[in-house]
Amino acid sequence: MGDRKKTGLVLTGGGARAAYQVGVLHAINDILIESGWQPERNPYDIICGTSAGAINATALACHADDFNHGLQRIVGAWEHITAEQVYRADSLGVLRSGARWLTLFSFGWLLRSWKANPPVSLLDNTPLVSLLNRMLNLPRLDAALNDGKLHALAITASSYTAGRHITFYQTEADIKPWVRTQRVSVRGQIGIDHLLASSAIPLIFPATPLYCEGRREYFGDGSMRQIAPISPAIHLGADKVLVIGAGRLLEPAIDPGMHAQYPSLAQIAGHAMSSIFLDSIAGDIERLNRVNQTLSVLTPEQRAQTSLRPVEMLAIVPSERLDTIASQHVGSLPRPVRMLLSGIGATELRGAALASYLLFERSYTHELMALGRKDAQAHKNEILRFFDCTAATEDETRWVEGESRASLKPGLI
């Protein structure tokens, strides 16, 4: 790849909400091909993903040698996805995980009777292993890295054992691991276990054991404690970064009416999920903007004395509330799951934020993908400028959210 500028792709977490990312990527690919881009060419030198975004990221990386073909396969997978492909949605499976888990919540003394096999999560995501094996071709990923079709892949997860955030990365380049406060990086070969760990939504899916630095640790969703989601792409050498979120960065407040009801368990859980999945990327963009402003007032001599460097960024996030869309599709969930979620208020409008992460059903994912395509097409000119090879100017970094647009300056983290 030489010394040319490297483009990074950052896909954030969000469970079923990650279908929106695929819609955005699909539209961007169409826009690039219409402009003369070769269909098989991979637009992203560095691909980073977290949670469900890690699954999309790895699937893309596995087809870096024929990007358009790989993207069409991913689109097809999301177009035909069902909850049963991600977690046990049958009555027995729900009883073994969710019902026992909720009972434990209510009657903690029963833990003694489950000492040998306690419930560990609301849902059992064992079926996800089969889905990942069908979606991914990891030897092809190794070949893409060896052949220079891809510069690096990074997947993030959070260690319950060590209380730290870890970025696992795979590359053929000479990139040394980095260490920051409560977040470190580990170089190695990425496998399905890393994806299971990164996408293990807290309390919803079970933690995944990984061997890290010579010892076994249990990991959960990479969005937890991820204070700098854009950082891995920068550390891996990205000069410009496309960020695709799975929730609005500026959520409009919901009018509670004259008298607000006491929040349901699902409403509280959805609020916590939003803090995990959405707030970090918004905070990272704000932090990046502050660093940009600082860099802009430095003299060339002062800039030469710092390791900071300017990085162009384009962020695309949903123009509509995904929990509102989810509330219209809760009925498509399998009946056992629907009954389980109704018990904690997740089938109500105010609790739909939680359901929006678990709605791996075609009616919902189709609508999210359509929204992603619409949002990307609405900003076609910004996308074309972002993928132009000309040097970035101070006005070329953009933050795109539906019809909103705010200028950001180049920066780094």
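Me: What should I know about the model before we start?
Reply: It's predicted, so local features need pLDDT of at least 70 and side-chain atom pairs count only at pLDDT 80 or more, while totals for chains, interfaces and linings use all residues. Residues are numbered from 1 along each chain as its sequence is written, and side-chain values use heavy atoms, leaving out hydrogens and water.

Me: Why is Ser 51 called buried?
Reply: Buried means under 20% relative accessible area, with exposed over 50% and partly exposed in between (1.4 Å probe, protein chains only). Ser 51 has 1% relative accessibility, so it counts as buried.

Me: What about Asp 221, buried or exposed?
Reply: Its relative accessible area is 0%, so Asp 221 is buried.

Me: Which feature does UniProt place at Ser 51 and Asp 221?
Reply: The unreviewed UniProt entry gives "active site" at Ser 51 and Asp 221. Such annotations may be inferred rather than shown by experiment.

Me: How do you know that they gather at one spot?
Reply: They span 171 residues in sequence, but no two of their C-alpha atoms are more than 5.7 Å apart, so they do gather at one spot.

Me: What makes Ser 51 and Asp 221 a contact?
Reply: Contact means heavy atoms within 4.5 Å. Leaving aside neighbours within four places in sequence, Ser 51 is in contact with residues including Asp 221, Gly 13 and Phe 277.

Me: Where does Ser 51 lie?
Reply: Ser 51 is in the loop between strand S2 (46-50) and helix H2 (52-61). Helices (H or I, at least four residues) and strands (E, at least two) are DSSP runs, numbered from the N terminus. Asp 221 sits in the loop between strand S8 (215-220) and helix H8 (231-235).

Me: Why is Ala 326 called buried?
Reply: Ala 326 has a relative accessible area of 0%, so it falls in the buried class. This residue belongs to helix H12 (residues 322-327).

Me: How far apart are Ala 326 and Leu 359 in sequence and in space?
Reply: Ala 326 and Leu 359 are 33 residues apart in sequence and 7.3 Å apart in space, C-alpha to C-alpha. Leaving aside neighbours within four places in sequence, Ala 326 is in contact with Ala 352, Ser 356, Leu 359 and Tyr 364.
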